[in-house]
Amino acid sequence: SFLLQWINEPTLLVTRFEYANLFHTVTDWYSAYVSSRVTNLPGRPHLIFVDGHCKAPLEDTWGALFSSIRYAKNFSGPVCFRHAIFSPLGYETAMFKGLTESFNCRGAPAHILRERNDDHKTARLSEFGEIIRAAFSLPVDDRLVPKPVSGHNVLFVRREDYLAHPRHDGKVQSRLSNEQEVFDSLKEWVVKHKKCNITLINGLFAHMSMKEQLHAIQEASVVIGAHGAGLTHLVSAASNTVVLEIVSSLYRRPHFQLISAWKGLEYHAIYPPGSYAKPSEVIDKLSNIMRSLGC
């Protein structure tokens, strides 16, 4: 007979869907975080995956955000919980809303809303970004983030096409077919731009540690990228970051526009008629943004 095991500490039960995809994983992090907040837990809860998925590359960040990670599939007998909390399922999370409905909500830093409450503004996503930064020992307060010596960092988030999990039977769609051409054109423009110092950062996130990715986001004055999971890191961006998203007509979803709104970030978009973006149009948009920043 199996021995009954009791778990006394508050524990989050999480079902992951697209467990290898950064966007869907961040929405799961957010749901788990909010679940712990609305249930008024005093510290970081323990977490158990009740799905059947294997270990994912993003598991180290799960471990950094929560007190412990376990798999229900590894339990050898019955387990009872004194305090179990079911986190919302992936496609029911607040960060996945906006596809079928809209609501009036903007973001603001927590200290501003403490001084003056506003029912149409939220600090929840900014707080969540601070939790992620803190988990990797990065400055939580924007005022403590060292400014790049060069003046302004422009982070180009590169997209690498992949399947969300090994059992995915769909086809990979290119969101920006001429990404390298756009990046090279921006690099040439930055070299010629003399009014102020601009550094173009090649955001090859798939080849960077999570801390390196977060550091690059936090130091960026402007974040540019094609619609893709890498832009989900905007949840950890500084409050004065400007976003420029290249949104292919083949894949128009409002996720990163909404994340920008809920963070209170200035957002711009380019909508090419397909997956090819004219480099001159991207440069024009970036030039206008840099002008607004005093460049």
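**Reading salt bridges, pockets and a core**

Guide: Let's start with a network of salt bridges that links Arg 37, Arg 124 and Glu 127. Keep in mind that this is a predicted model.

Visitor: How should I read a salt bridge in general, and how many salt bridges are counted here?

Guide: Side chains of opposite charge can pair when their charged atoms come close. In this model the count comes to four salt bridges.

Visitor: Take the network, then. Where do Glu 127 and Arg 124 lie?

Guide: They both lie in helix α4, residues 124-135. Glu 127 and Arg 124 are three residues apart, which is about one turn of the helix. Their side chains meet in a salt bridge at 3.2 Å, N to O.

Visitor: Is Glu 127 buried or exposed, and what about Arg 124?

Guide: Check the relative accessibility against the cut-off: under 20% is buried, over 50% is exposed, and in between is partly exposed. Glu 127 comes out at 19%, so it counts as buried. Arg 124 sits at 26%, so it counts as partly exposed.

Visitor: Which residue does Arg 16 pair with, and which parts of the chain does that pair tie together?

Guide: Arg 16 forms a salt bridge with Asp 51, and their closest N and O atoms are 2.8 Å apart. Arg 16 is in the loop between β2 (11-14) and α1 (22-38), while Asp 51 is in the loop between β3 (46-49) and α2 (59-65), so the pair ties together parts that are 35 residues apart in sequence. Arg 16 and Asp 51 are both buried.

Visitor: And what does Glu 179 do with Arg 158?

Guide: The side chains of Glu 179 and Arg 158 meet in a salt bridge at 2.9 Å, N to O. Glu 179 belongs to helix α5 (residues 179-192) and Arg 158 to the loop between β9 (152-157) and α5, so this pair ties together parts 21 residues apart in sequence. Glu 179 is buried, with a relative accessible area of 11%, and Arg 158 counts as buried at 11% relative accessibility.

Visitor: On to nonpolar cores. What's the general idea, and which residues touch the most other members of the largest nonpolar core?

Guide: In soluble globular proteins, nonpolar side chains tend to be buried together. Here the largest nonpolar core has 50 residues, and Trp 29 and Phe 128 touch the most other members. Helix α1 gives the most to this core, with eight residues.

Visitor: Now the open spaces. What volume does the largest pocket have, and which lining residues are closest to its centre?

Guide: The largest pocket has a volume of about 580 Å³. It is lined by 24 residues, of which Leu 22, Leu 58, Phe 205, Ala 206 and Gln 213 are the closest to the centre. The lining divides into 14 nonpolar, six polar and four charged residues. Helices α2 and α6 (210-219) each supply at least two lining residues, and domain 1 and domain 2 each supply at least three.

Conventions. Residues numbered from 1 in each chain as written. Predicted model: local features only at pLDDT ≥ 70, side-chain atom pairs only at ≥ 80, totals over all residues. Heavy atoms only, no water. Helix = DSSP H or I, 4+ residues; strand = E, 2+ residues; numbered from the N terminus. Buried < 20%, exposed > 50% of the residue type's maximum accessible area, 1.4 Å probe, protein only. 1 Å grid on protein atoms, 1.4 Å probe; cavity = no way out; pocket = protein on both sides within 12 Å on 5 of 7 lines; lining within 4 Å. Points joined across faces, edges and corners; volume = space filled by probe spheres on them. Nonpolar A, V, L, I, M, F, W, Y, C, P; charged D, E, K, R; others polar. Domains from an automatic or database assignment. Core = buried A, V, L, I, M, F, W, Y, C linked by side-chain atoms within 4.5 Å.
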